[in-house]
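What follows is a walk through one structure, from a single residue out to the helices and the sheet. Please keep the sequence and the coordinates open while reading.

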Amino acid sequence: MPGLNIGIDLGTSTVTAFVQGKGIVFSEETAICFDNYDDEIVAIGNAAGEMAQRTPETLRLIKPMSGGVISDFTCVALILEHFLNRICQHQIFRPNVIISAPSAATSPERKAIIEAACTSGAGRVSVIDEPIVSALGAGLSIENPHGVMVIDLGAGTTDIAVITMGTVAYSVSSRTAGDTMDRAIVDYLKKERNMLIGLPTAKKVKHTVGCAHPREEELEMWITGKDYVSRMPKSFSVSSTEIYHALKDQIDDIFLGIMNVLEQVPPELYSDICTEGILLTGGLSKLSGLDKELSERLNIKVTGAVDPEHCAAKGAGYILKHITELEDHGYSFREKETSR
């Protein structure tokens, strides 16, 4: 096929791109900032993301992905156009693009993703279930009748899927994910400590001391917030135990989602999963103790992928290299003229 072959993981918080022959070329925030006076674009990607909760009234920050699906078509198209132009530069042919999407994404949502990519300059586009590309990016074989369970934990969605013979056999897509955990930390500190913090601070707390299973050694970190009563700035410390309690309901929701899928699968696939274990991918899979907590609750081995944030983009790259596999399992590229 003429043109560059590009795999894109269009996530709620980040856009990651894989170019065949080069590997991962960038991973930037899914964000765009406009000037309110003339509606001109001020920044896209990481430069825009850094403005979160700090934009003056003259600027407007938009994060156009919500729960893994497009909430603002125009902004997603502008972001994709910016990144595709950065990758393709002066290429004559339009690129061939594979984009990952949550397995529960509806046909209109998938069509919106194809429309956004084509409007942005892609020549041929295919949208593939995120658990499939994540499994391939993690090095799993999904071609045989053997069943594998992959849990892709992102910022906007948690995709829980059982894959066999190259397709998703059973799946659940939940909005309980990284972003909801950030909000849970904000709510917990407001309720238990009378302290107000922003979502960027909550995310730092989650990454630094957050845990899904009690840590063997307690960790603490100092952060700055606003006293809920006096409304004055105040520095205070938070512990890993506090954040464990703040996130407990979120972990419960993920566990229930896994049980929901396991209850649907036939005994043969369930036996495969018990033998092979469960694979965690996505940035949230790095939350301390998540694999251990789920393994103890399920009595099934749970392991995290290597480089989990980039599994989906790498898996899209794998399919680009083995394009016949894409066609064998019912996927096809859509061109601009047929995506409308």
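Predicted model: local features only at pLDDT ≥ 70, side-chain atom pairs only at ≥ 80, totals over all residues.

Leaving aside residues up to four places away in sequence, Tyr188 touches Arg193, Glu242, His245 and Ala246, where contact means heavy atoms within 4.5 Å. Residues are numbered from 1 along each chain as its sequence is written, and side-chain values use heavy atoms, with hydrogens and water left out.

Tyr188 belongs to helix α5. Helices (H or I, at least four residues) and strands (E, at least two) are DSSP runs, numbered from the N terminus. Two packed helices are described by the angle between their axes and the distance between the axes. For α5 (residues 178–193) and α6 (residues 199–209), the axes come within 8 Å and cross at roughly 100°. Axes here are lines fitted to C-alpha atoms, for helices over the stretch in contact, and angles run from 0 to 180 degrees between N-to-C directions. The two helices α5 and α6 are therefore roughly perpendicular to each other, a label for angles of 65 to 115 degrees.

Which residues of α5 and α6 meet? From α5 come Gly178, Met181, Asp182, Arg183, Ile185 and Val186, and from α6 come Leu199, Ala202, Lys203, Val205 and Lys206. The residues of this contact divide into six nonpolar, one polar and four charged; Ala, Val, Leu, Ile, Met, Phe, Trp, Tyr, Cys and Pro count as nonpolar, Asp, Glu, Lys and Arg as charged, and the others, Gly among them, as polar.

The next element is an open sheet of five strands with mixed pairing, in the order β13-β12-β11-β17-β18; two strands pair if DSSP finds at least two bridges between them. Strands β13 (167–174) and β18 (302–304) stand at the edges with a single partner strand each, so one side of each has no neighbour in the sheet. From one strand to the next the twist averages 20°. Strand β17 (residues 278–281) runs parallel to β18 and is joined to β18 by three bridges; Leu279 has Thr303 in β18 as its bridge partner.

Helix α7 (residues 240–264) packs on the sheet and touches β11 (148–153), β12 (158–164) and β13, its direction making about 150° with that of β13. Helix α8 (residues 267–276) also packs on the sheet, touching β11, β12, β13 and β17, and its direction makes about 110° with that of β12.

Methods
Parallel < 35°, antiparallel > 145°, perpendicular 65-115°, else oblique.
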